[in-house]
Amino acid sequence: MIYLDNNATTRIDPDVLEEMLPFLREQFSNPSSLYASGQRVRKAIDNARERVAALLGATPGEIIFTSCGTESNNAAIWSALQIDPDRQHIVTTAVEHSAIVKQCEYLAKRGVEITWLKVDNRGFIDPAQFERALRSDTAIASLMWANNETGVLWPIEELAAIARDKGVMFHTDAVQAVGKVSVNVGRAPITALSLSGHKLHCPKGVGALFVRNRSRFVPFLRGGGQENGRRGGTENVASIVALGKAAELALEHLEEVNTRVRAMRDEFEHGVLQSVSGSVRNGDASQRLPNTSNISFENVDSEAALLLLDQSGVCCSAGSACTAGSIHPSHVLLGMGLDADRARGSLRFSFSRFNTETEVVDAVRAVREVVEKLRSTRPKSGAIATDATRPLAAVSARAE
Ligand code: PLP
């Protein structure tokens with residue numbers, strides 16, 4: 001299998017697995033227990049907290065372990081709304097991950113006002129427009145660091161400074177940025193930042209929320225006072241230990257991601273754009289994650305392409321998702337002003353340090369063959385009718 005879907009999830013690094021296993025076997029005590037075995041487990045959590053803090057340039061007390069990126073995002077937004085009943089306005093964008101979009105849509109139905117900022121056709125927001133959207137009743141601004149579909153990066157340091165100058169809390173969904181670009185909360189007045197373990201070669205089901213010292217935070221989960229009273233629930237010890245190791249490795253491999261992984265992505269993208277007619281990159285070419293390539297193919301349905309690529313051993317994701325039999329083009333690509341056909345014909349390829357140069361060559365060939373096959377079987381007009389489209393109804397969600 002040539003796995004080019006690392007923005008959906010990543011392979012667990014063997015060193016991460018090694019480090020977590022003792023906490024699934026003999027080291028099972030509750031970290032809140034006062035006897036020695038419990039305290040050993042507590043120490044392991046403390047160590048993981050230090051490692052995650054080091055990855056972000058934060059202090060350990062600023063890290064709250066959560067169950068995933070979605071929880072971190074939800075907790076940050078929810079907390080901000082609890083602080084002041086007179087601040088019930090949120091500024092965010094139309095191209096955020098569903099962990100922000102769905103929560104804001106839900107809050108909007110309950111009276112919270114949401115300002116949805118738009119992006120241009122390269123995927124950028126306008127800082128001046130952002131500044132104008134911030135108000136004296138804004139509870140929080142939430143802008144993603146890197147887009148999960150296009151990889152487009154925003155100048156988070158600059159945007160956070162604008163929010164600070166307007167006296168507004170600033171949250172960033174850095175789930176796709178952490179481990180791929182340098183993320184340092186010391187360089188920007190960010191109030192809160194979300195990350196997720198499974199995008200970092202760590203298992204699923206663990207994440208973290210950075211909350212800056214002295215910023216107010218109202219817990220989303222109340223319980224036994226864990227995480228310094230900021231997130232109740234007995235800690236997911238093995239996964240937290242894993243996240244600590246993954247964070248340490250992410251720092252060590254950052255350079256490799258920005259050189260070797262970037263070179264593989266560039267070679268792949270160049271190969272596809274050169275050899276497949278009617279293919280075009282989506283999103284800005286330079287201000288983007290080093291591992292992500294989003295390409296639209298004219299006269300190709302991305303779900304059909306994805307299924308044929310799977311048969312050729314290549315895993316990637318589609319810029320459209322099929323729910324209950326109908327195809328929905330990606331809200332990110334539509335938000336960039338792409339027409340529905342271009343969005344429906346888009347595929348996202350995302351690399352990691354576990355990919356190889358040989359895979360790049362094989363993947364370019366597979367993409368070219370699949371696109372040619374789909375085009376040759378496409379009727380002159382109307383829906384694409386190939387065997388590859390038949391299992392569509394079984395595909396109900398896109399991994400982001
Ligand atoms: N935010 C972004 C940008 C993502 O890409 C994802 C996952 O795809 C999430 C949040 C949600 O993270 P998790 O799967 O850990 O809930």
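**Helices and sheet**

1. Helix 2 (residues 36-56) lies across strand 2, strand 7 (192-196) and strand 8, and runs at about 110° to strand 2. Helix 3 also packs on the sheet, where one of the strands it touches is strand 6 (169-173); its direction makes about 160° with that of strand 7. Contact means heavy atoms within 4.5 Å. Axes are lines fitted to C-alpha atoms, for helices over the stretch in contact, with angles from 0 to 180 degrees between N-to-C directions. Helices (H or I, at least four residues) and strands (E, at least two) are DSSP runs, numbered from the N terminus.

2. The model is predicted: local features need pLDDT of at least 70, side-chain atom pairs count only at pLDDT 80 or more, and totals for chains, interfaces and linings use all residues. Residues are numbered from 1 along each chain as its sequence is written, and side-chain values use heavy atoms, leaving out hydrogens and water.

3. Seven strands form an open sheet of mixed pairing, in the order 2-8-7-6-5-3-4; two strands pair if DSSP finds at least two bridges between them. Strand 2 (63-66) and strand 4 (113-117) are the edges, each pairing on one side only.

4. Strand 3 (residues 89-93) and strand 5 (residues 138-142) run parallel, joined by three bridges. His89 has Thr138 as its bridge partner in strand 5.

5. Phe268 and Phe349 are both buried (under 20% relative accessible area; exposed is over 50%, partly exposed in between; 1.4 Å probe, protein chains only).
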